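Colleague: I have not looked at this one before. Can you walk me through it?

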Amino acid sequence: MMKALKDRTIRASIFLGLALIVAAVAGYRFRAQWVDEPLYPSPHLTEVRMLSEYHAPLEGTPMDTELYIFDSGEPGGTVLICGGNHPNEPAGYLAAVFILENLRMTEGRAIVMPRMNRGAFLHTESQEAQLPNFFIPTAHGERRFRHGSRVTNPVLQWPDPTVYVNPRGPFWDEIVAEHPEIAEGNPGPGRQTLAGVDSRNVNRMFPGDPRGTITEQLAYAIVTMIREEEVDLAVDYHEASPEYPTNNVIVAHERAADVATWAELLLSGDGVAISTDTSAMHLRGLTHREWGDAYMGIRPVLLEAPNVAQGRLKGRSTPEQIVEGLDMAYVRVQMIQKRLNERLAERARRLEERGRIPRERTRRILYVNIPETGIHIDVRVARHVQTTARLVEAYNDQMAGPPIGIADIPHYDEIIENGSGHYLHGPEGEPPAGAAREEE
Ligand SMILES: [Zn+2]
């Protein structure tokens, strides 16, 4: 009897010890996600500011984020370039880092915000078994980048409501009083019911709320910064799953529509096929909608590129999925789609033979063609970078505001040829290989 009890105590102690080891390892890995990987701005950087300068309560919180300012010293407009609105969209983050590490301004200034929702970089998508990092080869060795979540870490904001109603914000009434024409057909921000999880999605809550949740305060701080800095043109980088119709697209506020369509034309000359969608007035809380409705001087756009790693139909999470944009599950879905449409075409042909007029019918599961070689992150980054360069050019061509001069941004073809890592920097004089991976 005593011996059995003793055995059980020993067994329990062993299991308790193992559980503590697992908890310690998991805790260490979880905390490691809270350490920002170093970024290496181009030598033309003039100032680094924290977003909390525009909304003090963010100061010292994990939501505070860096603004990298490139001031040419010459008069001109201000362009805002943003990544990491959704940190599970890796090319969106990497494109902003790419700009940060290469940019030189010749007229006006740029504000680069690579980690817009830093609170969403601090964990991965819940229950998706996603990898917490991705790696890009550079001349300074392999660099590690965070692969985060679409929404703020629940450690920072919890619990989610059953239904989330996004905020009206403090700016709309003031703007309508001054510019009543803006309210024509435009219901204004807020009062939209969304899924509870969207209460942590910063791209559903602009223009934010200074007394709201920490994510609503982040949104408010960004809009306040845009208004105080009088941003003329803003580009917000994203990615979308292949089954999502808004893909390979510039989504533009109506004030930015002319600039976007002109950029689309310039991009066709670069061999970059992209289309322009006008931001819907009834879909609230998004950058391309609310930034334009909260400040009359800005032309905001959002860019989407195709990413298999965030799709609902994806296979097992692998590094190739994120970097090479390769996932055989999507290749198979594409084959199914092709066979389905062949069968529909065959049926239509048979109906026609019998003298009937068939209804035109095709089935669409994917909105992007996923080649068997994947859509590499270099292609997705190159699309965002080239689109940004052409948007600035279109803005200048149309004299949409004070001129903005950007330089030292490689062309789309060069990025594809050399890889995005070729243009990324590293600590000078440090041993290149593996250093970043060891801290993980
Ligand atoms: Zn997104």
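Modeller: We can go from the whole chain to single residues.

Modeller: This is a predicted model, in which local features need pLDDT of at least 70, side-chain atom pairs count only at pLDDT 80 or more, and totals for chains, interfaces and linings use all residues. Residues are numbered from 1 along each chain as its sequence is written.

Colleague: Fine. How many helices and strands does the protein chain have?

Modeller: There are 12 helices and 14 strands in the protein chain. Helices (H or I, at least four residues) and strands (E, at least two) are DSSP runs, numbered from the N terminus.

Colleague: And what is the radius of gyration of the chain?

Modeller: The radius of gyration is 24 Å, close to the 22 Å that the globule rule gives for 440 residues, so the protein chain is as compact as a globular protein of that length. The radius is taken over C-alpha atoms, and the rule is 2.2 Å times the number of residues to the power 0.38. Along the principal axes, the C-alpha atoms fill a box of roughly 85 × 70 × 50 Å.

Colleague: What share of the residues count as buried?

Modeller: Of the 440 residues, 43% count as buried. A residue is buried if 20 or more other C-beta atoms lie within 10 Å of its own, exposed if 12 or fewer, and partly exposed in between, with C-beta atoms placed from the backbone.

Colleague: Let's take helix 7. Why is it described as largely enclosed?

Modeller: Helix 7 (residues 287–294) has 8 of its 8 residues buried, so it is largely enclosed by the rest of the structure. Among them are Arg289, Glu290 and Trp291.

Colleague: What do those buried residues pack against?

Modeller: The buried residues of helix 7 pack against helix 4 (172–178), helix 5 (214–228), strand 10 (233–237), strand 11 (249–252) and strand 13 (299–304). Two residues are in contact if their C-beta atoms, placed from the backbone, lie within 7 Å.

Colleague: Now helix pairs. At what angle do helix 6 and helix 10 pack?

Modeller: Helix 6 (residues 257–269) and helix 10 (residues 377–397) pack at about 120°, and their axes are 8 Å apart. That makes helix 6 oblique to helix 10. Axes are lines fitted to C-alpha atoms, for helices over the stretch in contact, and angles run from 0 to 180 degrees between N-to-C directions. Angles under 35 degrees count as roughly parallel, over 145 as roughly antiparallel, 65 to 115 as roughly perpendicular and the rest as oblique.

Colleague: Which residues meet there?

Modeller: From helix 6, Val259, Trp262, Ala263, Leu266 and Leu267 take part, and their partners in helix 10 include Arg390, Leu391 and Tyr395.

Colleague: Where are the cis peptide bonds you flagged?

Modeller: One joins Trp158 and Pro159, with omega about -5°. Pro159 lies in the loop between strand 7 (141–146) and strand 8 (163–165). Another joins Phe206 and Pro207, with omega about 5°. Pro207 is in the loop between strand 9 (193–195) and helix 5.

Colleague: Last one: what is phi of Gln127?

Modeller: Phi of Gln127 is near 65°, a positive value in a residue other than glycine. Gln127 is in the loop between helix 3 (118–121) and strand 6 (133–138). With 6 C-beta neighbours inside 10 Å, Gln127 counts as exposed.
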